[in-house]
Amino acid sequence: ETQTSSMNSESECIDIINPKSEEYNVLRNQLLPSLLEVLKNNKHNEYPQKIGEIAVVFPTKKGKHQEETHLAIAITDTTSSFTQIKQVIEALLRSLNIKYAIKEKDHPSFIQGRTASIHIQGKEAGYLGEIHPKVLKSFQLEMPVTALEIDLRELYKKN
């Protein structure tokens, strides 16, 4: 549920046969739900909170299961904004000398008009934006959150 309905999206997950716990019964297809869970469990700590994770995920695309390595970053604070998270990815990609484009795009986990896709070498590699209030409510978060998630394979290919 954390991978789908809590994120205000519908996506297919790979089930784990004989899971050790009911809470962890699928392979992660994205990292952002885990980061939001960490923010939920750390509401009592000082703001701003800036966290990130690099890990393997198993997204299902057109019936295929393919392992990918993703980077996800989340920032929560009263002033967290689309511009702030966009600056984070732009600084990273510029420092790696990677040509990129940020294009307006809707994503159900983010506020419409405050989300975009990240393109590297003409291919969509990730997304960023301000987390939708419905998602914030699902994770019991009261502070605005901005986040991004990108497939690192495109960065490895480097232009």
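Modeller: A contact is a pair of residues with heavy atoms within 4.5 Å. Among the contacts in this chain with a separation of 6 or more, 54% join residues 24 or more positions apart. The model is predicted, so local features need pLDDT of at least 70 and side-chain atom pairs pLDDT 80 or more, while totals for chains, interfaces and linings use all residues. Residues are numbered from 1 along each chain as its sequence is written, and side-chain values use heavy atoms, without hydrogens and water.

Biologist: What makes up the chain, in helices and strands?

Modeller: The chain has four helices and eight strands, in the order α-β-β-β-β-α-β-β-β-α-β-α. These are DSSP runs numbered from the N terminus, at least four residues (H or I) for a helix and at least two (E) for a strand.

Biologist: Why is His-70 called buried?

Modeller: His-70 has a relative accessible area of 8%. Buried means under 20%, exposed over 50% and partly exposed in between (1.4 Å probe, protein chains only), so His-70 is buried. Of the 159 residues of the chain, 42% count as buried.

Biologist: Where does His-70 lie, and what does His-70 touch?

Modeller: His-70 belongs to strand E4, residues 68-76. Leaving aside residues up to four places away in sequence, the residues that His-70 touches include Leu-31, Glu-53, Ile-54 and Glu-149.

Biologist: How do you know that the side chains of His-70 and Glu-149 make a polar contact?

Modeller: Their distance is 2.6 Å. A polar contact needs N or O atoms within 3.5 Å, one able to donate a hydrogen and the other to accept it; residues adjacent in sequence count only if both atoms are side-chain atoms. The pair therefore qualifies. The side chain of His-70 also has a polar contact with the side chain of Glu-68, at 2.6 Å.

Biologist: What makes Phe-110 and Tyr-127 an aromatic pair?

Modeller: The structure holds one aromatic pair. The rings of Phe-110 and Tyr-127 are 5.7 Å apart centre to centre, with 70 degrees between the planes. Rings of Phe, Tyr and Trp (its six-membered ring) pair if their centres lie within 6.5 Å; planes under 30 degrees apart are stacked, over 60 edge-to-face and the rest tilted. The pair is therefore edge-to-face. Phe-110 is in strand E6 (residues 110-120) and Tyr-127 in strand E7 (residues 123-131). Both Phe-110 and Tyr-127 are buried.
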